[in-house]
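Here are my notes on this one, point by point.

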Amino acid sequence: MYKVYRVRQNKNSETYERRIPMSVTTITKNNFAAQVLNSEKPVLLDFWASWCGPCRMLSPIVDKIADENSSITVGKVNVDEQPELARQFGVMSIPTLIVFKNGKITQQSVGVRLKGAILKMIEA
């Protein structure tokens with residue numbers, strides 16, 4: 001099952017559909033503490049934006065990890081919609097991946113990563 005969003009790359013572009021698997025949680029400032037800081041599972045956060053080409057390349061990899069690994073929580077933070085969270089974690093470039101365990105950051109990377117590299121980040 002997928003959540004379907006209508007997305008526009010910028011105010012002059014056409015709208016397209018973006019499908020996010022139900023196993024991926026949309027993280028906002030309102031649900032951040034409950035979904036990330038208080039999670040009993042490791043959490044992989046993907047900071048992204050709809051206009052970001054590398055983010056669109058990484059998204060299917062993150063989605064696949066979410067679908068295949070029920071032992072982790074996978075969340076996505078749209079930096080355009082949640083600039084406070086991006087600032088809070090010093091996200092200056094996207095895509096940025098951050099792994100949390102017990103409410104603390106354990107790993108962080110910037111740029112597109114292969115699935116195996118992301119899984120190693122989560123395991124570390």
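1. Let me start with the disulfide, and with what counts as one here: a pair of cysteine sulfur atoms within 2.5 Å. Keep in mind that we are looking at a predicted model. Cys52 and Cys55 form a disulfide, with their sulfur atoms 2.5 Å apart. A search of the whole structure turns up one disulfide. The torsion about the S-S bond of Cys52 and Cys55 is about 80°, so this is a right-handed disulfide. Neither cysteine is out in the open: Cys52 is buried, at 4% relative accessible area, and Cys55 is buried too, at 2%.

2. Next, the sheet. Five strands make up an open sheet in the order β3-β5-β4-β6-β7, and the pairing is mixed.

3. Which strands does β6 pair with, and in what sense? On one hand there is β4, which pairs with β6 in the antiparallel sense over five bridges; here Leu44 has Val99 in β6 as its bridge partner. On the other there is β7 (residues 104-110), again antiparallel with β6, over six bridges. Leu97 has Ser109 in β7 as its bridge partner, and Lys101 stands opposite Lys104 in β7. Five of the six residues of β6 are buried, so the strand is largely enclosed by the rest of the structure.

4. Now the aromatics. A search of the whole structure gives four aromatic pairs. In one of them, Phe47 and Phe89 have ring centres 6.4 Å apart and planes at 55°, so that pair is tilted. This pair bridges distant parts of the chain: Phe47 sits in strand β4 (residues 43-48) and Phe89 in the loop between α3 (83-88) and β6 (96-101), 42 residues apart. Phe47 and Phe89 are both buried.

5. Phe89 has a further ring partner in Phe100. The centres of the Phe89 and Phe100 rings are 5.5 Å apart with planes at 85°, so this pair is edge-to-face. With Phe89 in the loop between α3 and β6 and Phe100 in strand β6, the pair ties together parts that are 11 residues apart in sequence. Phe89 and Phe100 are both buried. Through ring pairs, Phe32, Phe47, Phe89 and Phe100 join into a cluster.

6. What surrounds Phe89, leaving out residues up to four places away in sequence? Phe89 touches Phe32, Phe47, Ile98, Phe100, Ile105 and Gln108.

7. How many residues does the largest nonpolar core have? The count is 19, and Phe32, Leu45, Phe47, Phe89, Ile94 and Phe100 have the most contacts inside this core. α1 (32-37), β4, α3 and β6 each supply at least two of the core residues. The largest share, four residues, comes from β4. Another core lies apart from this one; it has 13 residues, among them Val24, Val62, Ile65 and Ile118.

8. Ile118 deserves a point of its own. It is found in helix α4 (residues 115-123), and at 0% relative accessibility Ile118 counts as buried. Leaving aside neighbours within four places in sequence, Ile118 is in contact with Leu44, Leu58, Ile61, Ile65, Leu97 and Arg113. Leu44 is 74 residues away from Ile118 along the chain, yet their C-alpha atoms are separated by 8.9 Å. As for the helix, α4 lies across β4, β6 and β7, running at about 30° to β6.

9. Not counting residues up to four places away in sequence, Asn78 touches Trp48 and Ala49.

Terms used: Residues numbered from 1 in each chain as written. Predicted model: local features only at pLDDT ≥ 70, side-chain atom pairs only at ≥ 80, totals over all residues. Heavy atoms only, no water. Phe/Tyr/Trp six-rings, centres within 6.5 Å; stacked < 30°, edge-to-face > 60°. Buried < 20%, exposed > 50% of the residue type's maximum accessible area, 1.4 Å probe, protein only. Core = buried A, V, L, I, M, F, W, Y, C linked by side-chain atoms within 4.5 Å. Contact = heavy atoms within 4.5 Å. Pairing = 2+ DSSP bridges. Axes fitted to C-alpha atoms, helices over the stretch in contact; angles between N-to-C directions.
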